[in-house]
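Let's take a friendly walk through this structure, one contact at a time. Have the 3D view open as you read.

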Amino acid sequence: MKKLGLLLIVVLLLAPAVTAQDMAHEPWTCPEGYDGQTLSIFNWSTYIAEDTVPNFEEACGVTVNYDIYESNEAMLARIRQGNPGYDIIVPSGGTVQRMAEEMLLIPLDMEMIPNVANVIPDLLGAAYDPENEYSLPYQWGTVGVGYRTEVFPDGINSWDQVWEHDGPVAWLDDRQTMLGIAHLFLGNDPNTTDADEISAARDYLIDKGGNVVTVAADDGQVLLERGDVDIAIEYNGDILQISWDCECDDYAYAIPDEGSNVWIDNLSIPVDAPNPELANVFIDYILDAKVGADLTNYIWYASPNQASIESGYIDEEILNDPAIFPPAEQVAKLFAIIDVGAEAEELINNAWDELLIFLGQ
Amino acid sequence: MDRQFSLDMKTRWGHMKKSGALLALPTIAWLFIFFVLPLLIVLVVSFLSRGRGGVALLPFTLQHYERTFDVFFIILRRSISLAGLTTVICLLVGYPLAFFISTRRRRLVQQITLFLVILPFWTNFLIRTYAWRILLGEQGTINGLLLSVGVIDEPLTMLNTQFAVLVGLVYGFLPFMVLPIYASVERFNFRYVDAAYDLGANDARAFLRVILPLTMPGVLAGCALVFIPSVGAFVTPDLLGGTRGLMIGNLINKQFGGSGNMPLGSALSIVMMAVVMLSLLVYVFANRRERGA
Amino acid sequence: MLINEGAMGRNRRIRRLGQAGLWLNPMVAYFFLWAPILVLVLFSFNSSRSVASFSGFTLKWYSNILNNVMGAESAFSTAIMLNAFRNSLFVGTVATAISTVLGTMIALAMARGKFPGKRLIDGLLFLPVVIPEITQAISLAIFFKVAFDWFALLSGERVFPGFHTIIAAHVTFNISYVAIVARARLADMNPRLEEAANDLGANPWRAFWRVTFPLILPGVISGALLAFTLSLDDFVITFFTSGVGTTTLPVFVYGLLKLTVTPEVNAISTIMMLISTLLIGISLAMQGRAASRV
């Protein structure tokens, strides 16, 4: 997955170089004929701006149902048990590949998504969906360490500081990422499918997790904000959101030097979606320069939208934040999660169950 | 009353009694479809293999039960012991409380004291549990209070522990203990106690030999009503327990979500149900012995 | 005699100690029951975001919620919350109506009818009350999945979970509560009254509506209120049986409690407690009136 790293470097070199060009931007308009219809979205928690959905409802005259999930696995389980009626889901790269393989996704209709032209070209055609048949990028980001600056005045630069901290710590309920970090330490491929290596990673984490009080389901930032933990392993934007909310320097985000996970989340349409046409329209809406910029300005993740970046709609502060656009030497150390296949998936799930049980001992 | 009329009435009554069964039928059918049948399906699924994506497939296997009693056994044991401890604490707190309420002389005071136990109950269970997150948190109310008084220098870690789960469970289910005991003490005739004293019993003897046996049905019902929901608790450990206070309910939930293993989740809940049934049997037998004695 | 007096003295001391304990325990218990709720209410008026110390009185958290509700640009989350509240009321009303009818029917059949298998039915009615919620939740989730899969296979039409699945689940756990409450009332009632009505020439149908029903009505009402409360409060079973766009208030509140720390959550909780206390007050008053009328 070095390829993705290189690709992101290109993106990074590109981003700061761009200045506000102040392109004349037409507000996004909804195609005719969707009045009164319904769209159902299933998205990660704290992963959309307050006005993204209401504006879409108004523009198209539709009603939106909006539900949240806390991990790729939880979303996948729900869709595998029979799509309960969602039109839009937001799977990460490896999950897109797995779902496409299991025929759980409907191909996108690019004719309905002219705004695909806005996407940074290097982020199209990723290995998990080479033809972008099933997915277009939503946001991208990293997994790292959110911590209280009061407890770590000198910052965090190693996972060892997390393992050895004498105080409450929250991990992230993202099994492939957490095991992947252990694999880094053990010198294995982060996406290994080997049973012994997966067991070893599990044991490594159990050994290092003496200070873990909870494995948080995408709500680690809340525990950090409440003061219930000193460290939360989380997605970068979630940590940055709370710093932004409190307008203070109480919390910081860091990617440890040993490396971590980089991911791209995508907009996809699950099988049996009741309204795939409107889903395509929604994807086009999200990829609009202004809509995409508003989104990024609210949730503090990196935008895959070149038009948003070039137009100057995205806050300078975000474009210059190394926690959102990490420096090139850091990007080189990041690994992406890929589809490991059904067998390894079961091994990983079993290992994760066991980890949860034995961490609490 | 003339004979013909009374005969007529008998057939009419017979008719109504027959229609009694008819009246019960829709409800029985409903409970069969939406209660019995789903449980039977869970039982079958718990013996099936895990297919891709966590769904159930043939062939039949015992592997999920093996796993339940192997790796998951620690959590099963923890759930049972936490539920048992919850029951004991509820009994120790609830019995005197119920006794206190039912021995108030004025009817109004009795009603108010009882109402004070029930009222917190009418607020949403999630919110009541969340309140403990505020109290027990690292920067919560209790730590704030203790730090400002100077009892401690460092905040205590109370949230995300088994202690927090225990507090949450006792808080959630205490009224289930108080109400049945209250009902049995209220029915209790205190002349028996006078009689016991007349016969030379001291306080302890009067309590152990007279009061306790006569209020035993309430105690047993209370214990069953607290123990059963505690074993299967999901919300309380989810909001208060973290990894250290994980209970079987959380792991069942995981199998239907992230871990995607429906047969294993089914096996876990069948085992949990067996524990519940066993405790119910204990309750029924204990109750019968009480009545017999 | 001396020995006896000594024993009595000790007895009195123990008794005094016991009495002190009997007073102390309830006080501690009441404190335990009420402290969390009072703290929640107190900190909903706290001017700072902290829940560790009270720094001053404010109504801003309430006005924040109110502004979101009243404001021209109703915030996204507030809109979802109101929608969730509507969903809860809808589910609660329909589930209560169905379960009240079914529960009352079986209560009548069990109290007045004579047919075999009554003990078995007793057990069937008792089980949903004692079975752990999570077991019932997953059994219904699997059941609906299997049923919908079969339906899709046979008819080619796909059915999605939604209000119908939540309502079916709620009715299932509510029936038992309605039946138990209504039966308690029927047990207190004198069957001679119905016989008397029959003696006076009323047919069973008329006898039921004119005599039995008014008499058991308070029981039916309190059963229905119990069902409605349980329905509004249920989280676990709803969580597992809900579909898309059918988020009920508890499911919404669960997400809110997990993902926000703002004092607005305390304020929303306080408002919800106020509403449920009012509802209970009204229902108790109604029950009291209904009971005194009979």
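## A loop in chain A

A:Thr46 sits in the loop between E1 and H2 of chain A. This is a predicted model, and in it A:Thr46 has a positive phi of about 45° although it is not a glycine. As background, most residues other than glycine have a negative phi, and most peptide bonds are trans.

Which strands does it join? The chain A sheet is open and has 3 strands in the order E2-E1-E3, with parallel pairing. Its edge strands are E2 (63-69) and E3 (88-89) of chain A, and each of them pairs on one side only. For a pair to look for on screen, take A:Ile41, whose bridge partner in E3(A) is A:Ile88.

## The two domains of chain A

Chain A is assigned two stretches for each domain: domain 1 is 2-140 + 263-324, and domain 2 is 142-262 + 330-359. Taken over C-alpha atoms, the centres of these two domains of chain A are separated by 25 Å.

How many residues does each domain bring to the contact between them? Domain 1 of chain A contributes 24 residues, and domain 2 of chain A contributes 21. On the domain 1 side, the elements giving two or more residues are helix H1 (2-17) and helix H4 (93-101) of chain A. That side of domain 1 of chain A divides into 12 nonpolar, 8 polar and 4 charged residues.

## Where chain A meets chain C

Here 21 residues of chain A are in contact with 18 residues of chain C. Helix H2 (52-60), E2 and helix H8 (220-226) of chain A are the elements that give two or more residues to the chain A side. Of these, E2(A) gives the most, with 4 residues; E2(A) is also one of the edge strands of the sheet described above. By class, the chain A side has 7 nonpolar, 7 polar and 7 charged residues.

Chain C itself is divided into domain 1 (1-39) and domain 2 (78-259). The C-alpha centres of these two domains of chain C lie 44 Å apart.

## Where chain B meets chain C

The contact between these chains takes 68 residues from chain B and 64 residues from chain C. Helix H1 (residues 3-45) of chain B provides the largest share of the chain B side, with 21 residues. By class, the side of chain B that touches chain C has 48 nonpolar, 16 polar and 4 charged residues.

One helix pair that spans the two chains is H11 (residues 248-256) of chain B with H5 (residues 133-155) of chain C: their axes are 10 Å apart and the packing angle is about 15°. An angle under 35 degrees counts as roughly parallel, so H11(B) and H5(C) are roughly parallel to each other. Their crossing is left-handed. B:Gly249, B:Ile252, B:Asn253 and B:Phe256 in H11(B) meet C:Ile134, C:Ile138 and C:Ala141 in H5(C). The residues of this contact divide into 5 nonpolar, 2 polar and no charged.

## Helices packed on H7 of chain B

Two packed helices are described by the angle between their axes and the distance between the axes. Helix H3 (residues 73-102) of chain B and helix H7 (residues 162-187) of chain B have axes that come within 6 Å and cross at roughly 40°. That angle makes H3(B) oblique to H7(B). H3(B) passes H7(B) in a right-handed crossing, and the contact has 22 nonpolar, 4 polar and 1 charged residues.

Helix H5 (residues 125-136) of chain B also packs with H7(B), at an angle of about 140° and with the axes 10 Å apart. That makes H5(B) oblique to H7(B). The crossing of H5(B) and H7(B) is right-handed. On the H5(B) side are B:Phe125, B:Arg128, B:Thr129, B:Trp132 and B:Leu136, which meet B:Ala164, B:Val167, B:Gly168, B:Tyr171 and B:Gly172 in H7(B). By class, this contact of H5(B) with H7(B) has 6 nonpolar, 3 polar and 1 charged residues.

## A cis peptide bond in chain B

Which form does the peptide bond from B:Leu58 to B:Pro59 take, cis or trans? The bond is cis, with omega near 0°. B:Pro59 lies in strand E2 (residues 56-60) of chain B.

Methods:
Residues are numbered from 1 along each chain as its sequence is written. Chains are lettered from A and ligands numbered from 1 in the order in which they are written. This is a predicted model: local features need pLDDT of at least 70, side-chain atom pairs count only at pLDDT 80 or more; totals for chains, interfaces and linings use all residues. Axes are lines fitted to C-alpha atoms, for helices over the stretch in contact, and angles run from 0 to 180 degrees between N-to-C directions. Angles under 35 degrees count as roughly parallel, over 145 as roughly antiparallel, 65 to 115 as roughly perpendicular and the rest as oblique. A crossing is left-handed if the near helix is turned anticlockwise from the far one by less than a right angle, and right-handed if clockwise. Ala, Val, Leu, Ile, Met, Phe, Trp, Tyr, Cys and Pro count as nonpolar, Asp, Glu, Lys and Arg as charged, and the others, Gly among them, as polar. Two residues are in contact if their C-beta atoms, placed from the backbone, lie within 7 Å. Two strands pair if DSSP finds at least two bridges between them. Domain bounds come from an automatic or database domain assignment.
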